[in-house]
There are 2 protein chains.
Amino acid sequence: MLKKHNFGAGPCILPSAVMEQAAQAVINWNGMGLSILEVSHRSPEFEEVVLKTQLLVRELLSVSDNYSVLFLQGGASTQFAMVAMNFLSEGKKAAYLDTGYFALKAIKEAKLFGEVDVVATSKDKDYAYIPDNFKVDAGSAYLHLTSNNTIEGTEIFDFSATGVPLVCDMSSDIFSRKIEVKDFDLIYAGAQKNMGPAGMTLVIAKNEFLEKGKKEIPSMMDYRIFRDNMSMYNTPPVFSIYVAMLNLLWLKDQGGVSGIERSNIEKAKLLYAEIDRNPLFYGTAEVAHRSRMNVTFQAIDKGVEQAFLKFAAEKGIVGIKGYRTVGGFRASLYNALPLSSVAVLVEAMVSFEKIYTDKTVLELE
Amino acid sequence: MLKKHNFGAGPCILPSAVMEQAAQAVINWNGMGLSILEVSHRSPEFEEVVLKTQLLVRELLSVSDNYSVLFLQGGASTQFAMVAMNFLSEGKKAAYLDTGYFALKAIKEAKLFGEVDVVATSKDKDYAYIPDNFKVDAGSAYLHLTSNNTIEGTEIFDFSATGVPLVCDMSSDIFSRKIEVKDFDLIYAGAQKNMGPAGMTLVIAKNEFLEKGKKEIPSMMDYRIFRDNMSMYNTPPVFSIYVAMLNLLWLKDQGGVSGIERSNIEKAKLLYAEIDRNPLFYGTAEVAHRSRMNVTFQAIDKGVEQAFLKFAAEKGIVGIKGYRTVGGFRASLYNALPLSSVAVLVEAMVSFEKIYTDKTVLELE
């Protein structure tokens, strides 16, 4: 069978060793004679999994003791509302940076709870850059950022202090690079990129900030309930947490976040260099704001786009079609994608160019 | 290795054939050369899984076209708040039947949104029965029931019309017996009993009722958003939905809900008969309200309780310890638990009694 190179934007590739351990646990976990799918979340064995996963998050991101590490459900989309439900009230305002599709979704949900101050937007250039030099009103409950814009292919590399609590959606770049957790009051991330399978959400929050949260809100929307119940106020997504633990153990073996960051930089450099060199393609994000996780690029015309998608598919390259509203290509280079897969894509672009110079697109099709 | 008989209350036993197919899909799904954990939820292959799972729910429960079948996250605990957030407002009231631990949790969350009218409670007898002959005010937004009380071991067998929309938490008995969906306006259930692994929630709702829902609520708390986006407004819990599909296919092979109901009745009869016969044990729920899913019983004293737990564990019997606030025993007889496992438990009770008549509890320990 043709080896697949999965550049999908999420749910995305996980290390094959993790898949094998996960499959084994579905049959017989830990030699218990039970599947990981049928063990009680209140069993000492599973409580240990939750604790270990928390400790791995703390270790890999150097999270200090005054922060809580929580596992929730509902993805970043639930967090868009939950952040505002906890920390924004009528008559108060929160600052949001509009860097694209998901930032806009966060803004929409926040407006249900109070005033939203969009401090800057890069809509003028189709979100091809990250705005800077914006001002944040000192009275804002928080500033909300989207560290990596999965659809637009941009990433924030500068998290300068603005004087108000910083809340950040890190769904698509958490665990891909070093961050200073202490610069943030609350970080959230859907797990299904670099953490584990779909179905869980990671939250890392400063305890002092959590105490500012509103009281009269639903239990399942109250971060403190998760903190006070070791993320098990109700039945958690057992399998997703277990696979996240396996995946974070794998990450630790890769030299942790510093190790994987070096590899991610190398992968991104290789692909962007080819995009910049190859006359048939061009990148869409401004160079200084290019994401290392989601490389967005376009072909010079629709014919080339279709022909290359087909050409790439024949080489086992999967998931490089751009988001439906944007078109073109998006190659996601998450932690588990090896450099060798990026090399296969780059080689495909090179060979495609050679063939293309001799033939018309119609012939290629 | 000693064969395990898993009587756990949830997450709970699933059929071994389902576990095997799930494990295979984690390695290579559908011969695609990709794991089910790394496929895009927007792929045609996974969209087909969602559709198939919806159709299986419709077929197995005879759900008519004017109802929506939705897959959410967050478990029943999220539904406790979501139902009220959608259908209860300040100045309005909703009726709740208090049948125990989880009913009380639903009541607590609903109070955040409007007035709660507890129409009846069985607290006077430690929730050992289901109250009847209660009156529901015709102006109530809905009546909320808990069809099976997992901790207290009671189950509702009569869903008489009360003139107001009926909302029911069926987390621990859905798919275990025939129900008339048309009698309900909204049914919800955490999946981790008879549907699939933890991490997804099933909602079956009358479209007409959904239209009554409030508008200015978070997208991820709005049932209509899930309905209008085929439960994929954001990334769904891919693996949990896939395993639920496998499990519902298995259920169909067992003769569907009618077939499994016959088997569940037989299993419950066998165990309750032994509880009633054996002088060392007694049931806690009133006979007419005994749950077929969660059989709760007590030993005549703490010494017998401890000794039997140990005795049963040696026979591979797992998960029969009662809920921490209640103590005693709880044997959950979910769909995938075979009659042969119930027979093993009953035999253990019989042999334990024989040994016990000759020896003191201290000797047994």
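**Reading contacts, burial and a domain interface**

Mentor: Let us begin with one residue and its surroundings in this predicted model. Setting aside residues up to four places away in sequence, T150(A) touches A9(A), S172(A), K193(A), N294(A), R330(A) and Y334(A).

Trainee: Where does T150(A) lie?

Mentor: T150(A) is in the loop between β6 (148-149) and β7 of chain A.

Trainee: Is T150(A) buried or exposed?

Mentor: Burial is read from relative accessible area, and under 20% counts as buried. T150(A) has a relative accessible area of 8%, and is therefore buried.

Trainee: How does V118(A) count by relative accessibility?

Mentor: Values between the buried limit of 20% and the exposed limit of 50% count as partly exposed. V118(A) has 38% relative accessibility, so it counts as partly exposed. This residue belongs to strand β4 (residues 115-121) of chain A. Apart from neighbours within four places in sequence, its contacts are Y96(A), D98(A) and I107(A).

Trainee: How far apart in space are V118(A) and E155(A)?

Mentor: Separation can be given along the sequence or through space. V118(A) and E155(A) are 37 residues apart in sequence, and their C-alpha atoms are 18 Å apart.

Trainee: Into which domains is chain A divided?

Mentor: Chain A comprises domain 1 (16-253) and domain 2 (255-364). Taken over C-alpha atoms, the centres of these two domains of chain A are 28 Å apart. Domain 1 of chain A brings 27 residues to the contact, and domain 2 of chain A brings 26 residues.

Trainee: What area is buried between domain 1 of chain A and domain 2 of chain A?

Mentor: The buried area is about 2,200 Å², with carbon and sulfur atoms giving 55% of it. On the side of domain 1 of chain A, I151(A), G153(A) and F157(A) lose the most area to domain 2 of chain A, together 22% of what that side buries.

Trainee: Which polar interactions are found between domain 1 of chain A and domain 2 of chain A?

Mentor: There are 17 residue pairs in polar contact between the two domains. The rule also finds one salt bridge across this interface.

Trainee: Which elements give two or more residues to the side of domain 1 of chain A that touches domain 2 of chain A?

Mentor: They are α2 (44-61), β7 (154-155) and α7 (238-253) of chain A. With four residues, α7(A) gives the most to that side. By residue class, the side of domain 1 of chain A that touches domain 2 of chain A has eleven nonpolar, seven polar and nine charged residues.

Notes
Residues numbered from 1 in each chain as written. Chains lettered and ligands numbered in written order. Predicted model: local features only at pLDDT ≥ 70, side-chain atom pairs only at ≥ 80, totals over all residues. Heavy atoms only, no water. Domains from an automatic or database assignment. Contact = heavy atoms within 4.5 Å. Buried area = accessible area lost by both parts, 1.4 Å probe. Salt bridge = Lys/Arg side-chain N within 4 Å of Asp/Glu carboxyl O. Polar contact = N/O pair within 3.5 Å; in protein donor to acceptor, adjacent residues only side chain to side chain. Nonpolar A, V, L, I, M, F, W, Y, C, P; charged D, E, K, R; others polar. Buried < 20%, exposed > 50% of the residue type's maximum accessible area, 1.4 Å probe, protein only.
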